[in-house]
Amino acid sequence: IGSKERRCSPRLPSSFPVRYRVIPVAGNGYVDAFAEDLSPEGVRFWCRDEIRARSGMLLELRLPDERSLNFFGRAAWVRELPDNMGFEVGGRFEDQSTWGRKTVERFLQHDALSAGP
């Protein structure tokens, strides 16, 4: 009953490139990052630059064998990694098309089946 877990779906380990832009947009273009896990509701990724918690973000997910998916999201949490290795960001999808959500779900089902028992 006292659990702090608020996710509707578990995140599954997944590695693929991610690009993001923090809103309001500053600088030129997207910044490269790398996903560590994924669910239909969000993505955890590693990046070099600090992002403030609750910041809005434009996210571009580059899932293997799929075209890039674009979402508006929010940094639900940010954790600094030791030894100046960058930051982990828990990104929550805020605005997601039905097609985008179904594509993520299909990718996760395929990825889980390929991993085997």
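Which residues is D37 in contact with, leaving aside its neighbours within four places in sequence? In this predicted model, the partners are R11, L12, P13, S14, V43 and R44. D37 lies in strand β2, which spans residues 31-39. The relative accessibility of D37 is 11%. D37 therefore counts as buried, the cut-off being under 20%. One of its contacts, R44, is also a polar partner. The side chains of D37 and R44 are joined by a polar contact of 2.9 Å.

Strand β2 belongs to a closed barrel of 6 strands. The strand order is β1-β2-β3-β6-β5-β4, and the pairing is antiparallel. On average, neighbouring strands of this sheet are turned by 45 degrees against each other, direction ignored. Strand β1 covers residues 12-23 and pairs with β4. This antiparallel pairing runs over 6 bridges. Among the residues involved, R21 has L58 in β4 as its bridge partner.

The loop between β3 (42-47) and β4 (56-61) holds R54. The relative accessible area of R54 is 64%. R54 is therefore exposed, since the cut-off for that class is over 50%. Residues up to four places away in sequence aside, R54 touches R74 and A75. A further distance places R54 relative to G90. These two residues are 36 residues apart along the chain, and their C-alpha atoms are separated by 10.0 Å.

Technical notes. Residues numbered from 1 in each chain as written. Predicted model: local features only at pLDDT ≥ 70, side-chain atom pairs only at ≥ 80, totals over all residues. Heavy atoms only, no water. Helix = DSSP H or I, 4+ residues; strand = E, 2+ residues; numbered from the N terminus. Buried < 20%, exposed > 50% of the residue type's maximum accessible area, 1.4 Å probe, protein only. Contact = heavy atoms within 4.5 Å. Pairing = 2+ DSSP bridges. Axes fitted to C-alpha atoms, helices over the stretch in contact; angles between N-to-C directions. Polar contact = N/O pair within 3.5 Å; in protein donor to acceptor, adjacent residues only side chain to side chain.
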